[in-house]
Structure formats: C-alpha cells, structure tokens
Amino acid sequence: MIVGGVALIGLGVQDGRGGGGLLPSSLTIGGGTSTPRASPASRGPSAEELAKAERAQRAKKLDAALKKVAAEAPEFSVAVLDNRTGQHYSYRGSEAYDTASIVKVQVLACLLLRAQDEERELTSGERALAEPMIRRSDNDATSTLFGQLGGRAAITRCNERLGLTETEVRTAWGLTRTTVDDQVKLLDVLVDSRGPLDADSRQTAFLMMSTVVDSQQWGVPQVAERGEAATVKNGWDTRTADGGRWAINSIGRVVSADDHTDVSIAVLSHNNPSMNAGIGLVEKVATLTREHLKY
C-alpha cells in the first residue's frame with residue numbers, strides 16, 4: 001500500500017551513527033612491595049564498529065540467498081542504499097541492463113533541472129506530460145519530453161549533473177542501458193538536500209512517484225510495511241533480440257515518517273519468460289533484501 005504525504009519530503013541521506021561509548025577499561029591491580037605494573041587499558045569495539053560488522057554479516061548472508069535464487073532464475077541485479085546508516089549494498093551492481101520505462105525518472109529529473117536553471121516552475125504543458133509519464137508510464141508523453149529536452153545528447157549531459165556514470169542514453173530511450181548502482185544514485189538525488197534538485201523539485205518527484213496507478217503498484221512497494229510510504233517507477237518490455245523474453249525492472253524508495261526506514265532500492269532483470277514471472281522475481285529479490293538487511 002502506498003502512503004503519500006508531503007510530510008515525508010526531505011528525508012535525504014543521513015550519516016550513519018553508532019550510539020554508546022567504549023567498553024569499560026580493565027582494572028589495574030598492584031601486588032606486594034614491587035612497583036605496580038600498569039595493565040594497558042582494554043578497549044572493546046565501539047557500538048558503531050559492532051553495527052558495521054553486523055551489517056557486513058547481513059550482507060554476506062544476503063549474497064548467499066541471492067546466489068541461490070540466481071541459480072534457478074533469469075539474470076538480475078539489485079542495489080539498496082540505506083540512508084539512515086549509509087550502507088550501500090549491491091549484487092552484480094555494475095551489470096548493465098536495458099532500462100525500459102524506468103528511464104522516465106531520468107527524464108523527469110532532467111526536466112526539473114531545466115526548469116530550475118530557468119528559475120521557474122514546470123509549465124502546465126510540461127506537468128501535463130510529466131504526470132502521465134510517471135504515474136501511468138505514458139510512452140507518448142515521454143517521447144515528447146525526451147525530444148523537447150534535446151534528446152540523447154541533452155539527457156547524457158544531464159546525467160553528468162545527476163552523477164550517473166554507468167548509464168548510456170540511447171536515441172530509443174527505452175533501450176538506454178543502466179546499472180542498479182547508478183539507479184540508487186538517481187533515487188538518492190531525488191531526495192538529497194545537498195544535491196542538484198531544490199526542495200520544490202524533490203517534492204514534485206516524490207508526489208508523482210508515490211501516486212502511480214494501482215496496476216503499476218508492484219515491485220518495490222511490495223516490501224513496504226504498514227505505515228510506510230513507497231515511491232516507484234517500473235519498467236517492462238520485450239525485445240526480439242532476446243527471443244521475446246521480458247525485461248522487468250523496479251526502482252523506488254521505502255520511507256517512514258519516524259525515520260526508522262529510509263532506503264532506495266533498484267532491481268533490474270531480463271530474459272524473464274513472462275511479465276508476471278519477472279514481477280515475481282523482482283519482488284522476491286526485493287523482499288530478500290529487507291529480510292536480510294533488516295531495514
């Protein structure tokens with residue numbers, strides 16, 4: 001269930017912090033008439049170090065779980081950025097996939113940046129294209145905006161501002177190639193107060209991505225728990241070059257108003273035998289990240 005709300009805007013990257021102090025030093029005991037020998041202070045790991053070690057163990061167990069899935073499933077990759085702890089997890093993070101419709105989030109970010117550069121809000125015409133592009137995944141609206149922004153060359157330049165280094169824009173925008181590592185970077189840009197998007201632009205992106213139509217509420221939103229909000233943009237497509245098999249992708253965020261949960265998630269896959277099978281794989285992978293990483 002998606003829970004919209006402007007109150008969740010501005011949940012950006014938080015530095016990981018470990019609580020607590022050092023463990024007590026061991027006591028020094030002198031004996032007899034000899035000069036007491038000072039025992040070196042014994043320090044245990046800090047709470048932050050313990051938390052880091054625990055996260056590493058969770059990531060290791062998640063690696064093992066995903067490898068079991070991969071042994072019997074089409075190819076997939078997943079990345080998670082936990083903005084509370086700063087932990088970035090990725091499985092096959094630099095493997096490139098066709099974006100299909102998740103590229104529409106890039107187009108939206110570039111549209112918002114252009115409006116900022118011109119010191120204005122989105123026009124009614126731009127908004128009339130951007131909203132169906134994200135909420136309904138409208139292809140015609142995307143093609144129009146892609147062209148208005150300047151096509152492949154302009155979006156490529158925009159990607160540099162967004163910090164995307166593993167995304168190759170194609171003239172046929174749905175065939176743009178990307179990685180899960182780049183996609184969680186993009187999701188982070190949409191909420192980072194220190195990034196290129198201002199507060200109004202970040203709010204616009206959040207509201208659009210948190211109100212997609214019911215038929216597209218699959219993928220990332222399925223890992224959201226009661227009381228949490230999810231944003232999402234999914235992508236799905238078949239290619240003759242892949243024998244008509246399906247590329248199924250899902251990117252988005254899961255957040256809670258109390259800051260207990262604040263994660264960006266990207267799952268990319270291809271060669272699925274059907275759309276439903278691909279959705280099942282993406283949701284299974286996303287669910288495993290929550291089970292093991294405990295976000």
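The legends below describe several close-up views of one predicted model.

**Figure 1. The protein chain as a whole.** This is a predicted model, in which local features need pLDDT of at least 70 and side-chain atom pairs count only at pLDDT 80 or more, while totals for chains, interfaces and linings use all residues. Residues are numbered from 1 along each chain as its sequence is written, and side-chain values use heavy atoms, with hydrogens and water left out. The protein chain holds 8 helices and 7 strands, where helices (H or I, at least four residues) and strands (E, at least two) are DSSP runs numbered from the N terminus. Of its 295 residues, 48% count as buried, a term that means under 20% relative accessible area, with exposed meaning over 50% and partly exposed in between (1.4 Å probe, protein chains only). Among the contacts in the protein chain with a separation of 6 or more, 65% are made by residues 24 or more positions apart, and contact here means heavy atoms within 4.5 Å.

**Figure 2. Helix α1 and what covers its buried residues.** Helix α1 runs over residues 47-70, and its 24 residues should span 34 Å at 1.5 Å a residue, which agrees with its end C-alpha atoms being 34 Å apart; the expected span is 1.5 Å times one less than the number of residues. The buried residues of α1 are Ala59, Leu62, Ala65, Leu66 and Val69. An α-helix has 3.6 residues a turn, so residues three or four places apart point the same way. The cover over the buried residues of α1 includes β1 (76-82), β2 (88-91) and α8 (275-293).

**Figure 3. Helix α3 and its buried residues.** The 12 residues of α3 should span 16 Å at 1.5 Å a residue, and its end C-alpha atoms are 16 Å apart, which agrees. Buried in α3 are Glu126, Leu129, Ala130, Pro132, Met133 and Ile134, and the buried residues of this helix pack against α2 (103-117), α4, α7 (199-209) and β5 (228-238). Just after α3, Ser137 takes a positive phi of about 60 degrees.

**Figure 4. The crossing of α3 with α4.** The axes of helix α3 (residues 124-135) and helix α4 (residues 139-149) come within 8 Å and cross at roughly 125 degrees; axes are lines fitted to C-alpha atoms, for helices over the stretch in contact, and angles run from 0 to 180 degrees between N-to-C directions. The two helices are therefore oblique to each other, since angles under 35 degrees count as roughly parallel, over 145 as roughly antiparallel, 65 to 115 as roughly perpendicular and the rest as oblique. On the α3 side, Leu129, Ala130, Pro132 and Met133 meet Ala141, Thr142, Thr144, Leu145 and Gln148 in α4. The residues of this contact of α3 with α4 divide into 6 nonpolar, 3 polar and no charged, where Ala, Val, Leu, Ile, Met, Phe, Trp, Tyr, Cys and Pro count as nonpolar, Asp, Glu, Lys and Arg as charged, and the others, Gly among them, as polar.

**Figure 5. Leu145 and its contacts.** Leu145 is found in helix α4 and, at 0% relative accessibility, counts as buried. Leaving aside neighbours within four places in sequence, Leu145 is in contact with Val107, Leu111, Leu129, Ala130 and Met133. The C-alpha atoms of Leu145 and Leu111 are separated by 7.9 Å, although these residues are 34 residues apart along the chain.

**Figure 6. The packing of α3 with α7.** The axes of α3 and α7 come within 9 Å and cross at roughly 45 degrees, which makes α3 oblique to α7. Arg127, Ala130, Glu131, Ile134 and Arg135 in α3 meet Thr204, Leu207, Met208 and Met209 in α7. By class, the contact of α3 with α7 has 5 nonpolar, 1 polar and 3 charged residues.

**Figure 7. Two residues with a positive phi.** Most residues other than glycine have a negative phi, and most peptide bonds are trans. Arg92, although not a glycine, has a positive phi of about 55 degrees; Arg92 is placed in the loop between β2 and β3 (97-98) and is partly exposed, with a relative accessible area of 32%. Asn271, also not a glycine, has a positive phi of about 65 degrees. Asn271 lies in strand β7 (residues 262-272) and counts as partly exposed at 29% relative accessibility.
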